[in-house]
Amino acid sequence: MTKKSKVELLAQKIRKLSLQMVYDAKASHIGGSLSMADILAVLYSDILNVDPLFPNNPTRDRFLLSKGHACTGLYAVLALKGFFPISNLSSYAKDGSDFIAHTNHHIPGIEISAGSLGHALSVCCGLALAAKRKNCNWKTFCLVSDGELDEGSNWEAILLAPQLKLDNLILIIDYNKIQSLGSVKDVINLEPLIDKFKSFRWETFEVDGHNHDLLKTVFTNALELDGKPKVIVAHTVKGKGISFMENNLLWHYKSPSKDQLDEAIYELSKK
Amino acid sequence: MRTAFINQLIEVAKTNKKIFLLVGDLGFSVVEPFAELFPDRFLNIGIAEQNMAGVAAGLAMEGYCVYIYSIANFPTLRCMEQIRYDICYHNLNVKIVAVGGGFAYGSLGASHHATEEIGMLRTIPNMIVCAPGDPLEAKSITTFTAQHIGPCYIRLGKAGEPIVHTEDSLDISLGEILEIRKGEIIAVFSTGAMLKYVSDFILENNLNISIYSFPFIKPIDKKKLNQILNAHHKILTIEEHQASGGFGSAILELTNDLIEEGKLSKPPIIQRIAIPDKFISKAGSRNYLRKLAGLELNKSFFIY
């Protein structure tokens, strides 16, 4: 086994903690957490300017997870980065816990609660606009799912961002190709997705959403360009990293049995 | 009322640098002076109210006191979930301003009649609901909302409503009930732009009854309300809103609470004048539509 990089280790731990949370709570939505785990690992390792000791630092970058149902991934990466103790995650989705099964803005490091889809991108436009009007240099990152692009409110924001030249806004699409009742292609085909964003006057990027080096490069390149908001279409696999969860709609809903959890953790450890 | 609002917002914005105005491509010949004076704190966001509410939330997260402005149903019903979840759940400093409350845009039809939004908005935690009764109330409510940190809804009429209050200016505090006229036995509780009609009716018919204006529908000063309820045998509530969930409902709920708390031993009869669970699908002036919806006082109401 080759030695793992820091980012690879982080991604692996995000996956393990996410699996443990959904197992403990018998909760849903593990597939979408696993698909974005590598994106989170790269963002929180190499890209975002955030400080666990000063989570509300006014100069921090703002990261908003729009697909709030994939909160286990975000809770995991924040815990691993030291925003709160990892042991807090054991309360996930249990009575009285702050770790609600959709993101909760009362938790350090979480900018907004999200759960109803198609909300965060508009909020991000407001944040990016505020930064522009106040001449601040921090950036706003928004991670949306592919399925939630069905929501019209996203397209209102997608129209607005280039009009305001919000080049401090980076939209990431976790394009895992599966939504609640089937494949994105069969429910509402988003293609040609890149062309849509180009015609809406965005700077567009496409990347393998599981390749850490490419992700880092694409974020770095995106941050260097001025004048337009940027979208990074990250091609991902729902359930990525666990063979029996990959590309399987069932894991939008199902929580693993003890045997399945053990098998999943074993698979991750082998990699 | 909208003129009183915008003029006062400009006054406040001269010293309060956090004021930001977002409009949904509406406000022709109203919002231009604000835009010219404060271009860095103004944006026409286009015809996209869900986005407007979300952007307002983002701006408020960064310290702005954001007013979002449009007509009737558009900044309210059209983006109700953004109001509930992005603005109110996060308790952000966003003020929702609707011009054309009730039937103000009469002939434009049901799409432009705001007759259900109070019932929806007042159920949302953290939300303050205001419906000023005349331009003086609108001016004071504007000042109040700029000082209050948290979500507010301001239901305005249109332009040209006459002033009802006799004072030069008002300084309305949270939940305050305003006494327009002190009479006996019966009191009319008016909210929003019904105030002028109520006031004229009582004057023209020479009735010795009380009139109170409620610029706040949520919250309402419960102590003051209790005093008024205790001092009258009959209350008439009047509003340009559906009967369910609106101002009259709020009064009934509070009255019931006061009875339950043992503070109101002889509760007055409460008669609600509101839209009786129907849409109005005729053209007509504001006054015509009010009559069609039954939003009228009648001398028989005052026989006790």
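In the predicted model, the buried residues of helix 9 of chain B pack against helix 5, strand 8, strand 10 (216–218), strand 11 and strand 12 of chain B. Those buried residues of helix 9 are F247(B), G248(B), S249(B), A250(B) and I251(B). Helix 9 covers residues 247–260 of chain B, 14 residues in total, and reaches 20 Å from its first C-alpha to its last. That length is close to the 20 Å expected at 1.5 Å a residue. After helix 9 of chain B comes G262(B), which has a positive phi near 75°.

Strand 11 of chain B, one of the elements packed against helix 9, comprises residues 234–242. Of its 9 residues, 8 are buried, so strand 11 is largely enclosed by the rest of the structure. Strand 11 pairs with two strands that also pack against helix 9, strand 8 and strand 12.

At the level of domains, chain B is divided into domain 1, residues 2–155, and domain 2, residues 178–302. A distance of 25 Å separates the C-alpha centres of domain 1 and domain 2 of chain B. Contacts between them involve 24 residues of domain 1 and 30 residues of domain 2. On the domain 1 side, helix 5 (117–121), strand 5 (128–130) and helix 6 (135–147) of chain B each supply at least two residues. Strand 5 of chain B provides the largest share of that side, 3 residues. By class, the side of domain 1 that touches domain 2 has 11 nonpolar, 8 polar and 5 charged residues.

D25(B) is located in the loop between strand 1 (19–23) and helix 2 (32–37) of chain B. With 14 other C-beta atoms within 10 Å, D25(B) is partly exposed. Apart from neighbours within four places in sequence, D25(B) is in contact with N44(B), G46(B) and I47(B). Between the C-alpha atoms of D25(B) and G183(B), which are 158 residues apart along the chain, the separation is 45 Å.

The two chains also meet: 21 residues of chain B are in contact with 18 residues of chain A. On the side of chain B that touches chain A, the elements that give two or more residues are helix 3 (49–61) and helix 4 (80–88) of chain B. Helix 3 of chain B gives the most, with 9 residues. The residues on this side of chain B divide into 10 nonpolar, 7 polar and 4 charged.

Chain A contains 9 helices and 7 strands. Its radius of gyration is 17 Å, close to the 18 Å that the globule rule gives for 271 residues, so chain A is as compact as a globular protein of that length. Along the principal axes, the C-alpha trace of chain A spans about 50 × 45 × 40 Å. Buried residues account for 51% of the 271 residues of chain A. Among the contacts in chain A with a separation of 6 or more, 75% are between residues 24 or more positions apart.

Helix 4 of chain A, residues 120–133, has 14 residues, which should span 20 Å at 1.5 Å a residue; its end C-alpha atoms are 20 Å apart, in agreement with that value. Of these residues, 12 are buried, so helix 4 of chain A is largely enclosed by the rest of the structure. The buried positions are A120(A), L121(A), S122(A), V123(A), C124(A), C125(A), G126(A), L127(A), A128(A), L129(A), A130(A) and A131(A). Within chain A, their cover includes strand 1 (62–65), strand 2 (140–145), helix 5 (152–163) and strand 3 (169–175). Chain B contributes to the cover of helix 4 of chain A through helix 3 and helix 4 of chain B, the two helices that give two or more residues to the side of chain B touching chain A. Following helix 4 of chain A is N135(A), with a positive phi near 55°.

Definitions and conventions
Residues numbered from 1 in each chain as written. Chains lettered and ligands numbered in written order. Predicted model: local features only at pLDDT ≥ 70, side-chain atom pairs only at ≥ 80, totals over all residues. Contact = placed C-beta atoms within 7 Å. Helix = DSSP H or I, 4+ residues; strand = E, 2+ residues; numbered from the N terminus. Nonpolar A, V, L, I, M, F, W, Y, C, P; charged D, E, K, R; others polar. Domains from an automatic or database assignment. Rg over C-alpha atoms; globule rule 2.2 N^0.38 Å. Buried ≥ 20, exposed ≤ 12 C-beta atoms within 10 Å, placed from the backbone. Expected span 1.5 Å × (residues − 1). Pairing = 2+ DSSP bridges.
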